[in-house]
Amino acid sequence: MLPLTKQVQIASDMAKGGGARLAGAEVPKYEDNETRLRYADYQQSDDFRDRFDTPLKEAWNTASAKLKGYTVNELDGSKRPITGDDIVGLAYMEPGAAHEKAEQMFGSRAPVVMRHIERIAELQEAKEAALKEWKTKGS
């Protein structure tokens, strides 16, 4: 026997098209929301939060705390405090470009900054891969 949710889905699909079939009319088309809803439910689940959202948030918080007080070397030779936008900018760059930019921005401290950036990028990629897999496979 199929799971109850699948039985309800089949019954709903039959009811949606039954009248049209009896009348010899074209069966109406309805948007299939089941996959989209399962996908949204997974993003809100405790499992997803524990495996992906919480570690990613912790990585951002750790980077913010550990890099507090770091300064950015501007092209004109001046310095300014690091910002969240600096971290985001590096996190979304290609790795090679991010390393070069970090060396320019942070000099000898670039490896420390990049360890945090790489951790954030790794967790973000894992989160996106899990969502993609869930969306295509349903679990």
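Helices here are DSSP runs of H or I of at least four residues, and strands are runs of E of at least two, numbered from the N terminus. The model is predicted, so local features need pLDDT of at least 70 and side-chain atom pairs count only at pLDDT 80 or more, while totals for chains, interfaces and linings use all residues. Residues are numbered from 1 along each chain as its sequence is written, and side-chain values use heavy atoms, with hydrogens and water left out.

Helix H3 spans residues 46–66 and holds both phenylalanine 48 and phenylalanine 52, which are 4 residues apart, about one turn of the helix. The structure holds 1 aromatic pair. Its members are phenylalanine 48 and phenylalanine 52, with ring centres 5.2 Å apart and planes at 40°, so the pair is tilted. Rings of Phe, Tyr and Trp (its six-membered ring) pair if their centres lie within 6.5 Å; planes under 30 degrees apart count as stacked, over 60 as edge-to-face and the rest as tilted. Both phenylalanine 48 and phenylalanine 52 are buried, where buried means under 20% relative accessible area, exposed over 50% and partly exposed in between (1.4 Å probe, protein chains only).

A nonpolar core is a set of buried Ala, Val, Leu, Ile, Met, Phe, Trp, Tyr and Cys residues joined through side-chain atoms within 4.5 Å. The largest such core has 20 residues, and Leu67, Ile82, Leu90, Phe106, Val113, Ile117 and Ile120 touch the most other members. Two or more residues of this core come from each of H3, helix H4 (84–91), helix H5 (95–106) and H6. H6 gives the most, with 6 residues. A second, separate core of 6 residues includes Tyr42, Phe48, Phe52 and Trp134.

Valine 113 touches Leu67, Tyr70, Leu90 and Phe106, leaving aside residues up to four places away in sequence; contact means heavy atoms within 4.5 Å. Over the ring of tyrosine 70 sits the charged end of arginine 109, 4.3 Å from the ring centre. The criterion is NZ of Lys or CZ of Arg within 6 Å of the ring centre and within 35 degrees of the ring normal.

Helix H6 (residues 110–137) also contains alanine 126. Alanine 126 is partly exposed, with a relative accessible area of 33%. Its C-alpha atom is separated by 9.4 Å from that of arginine 51, 75 residues apart along the chain.
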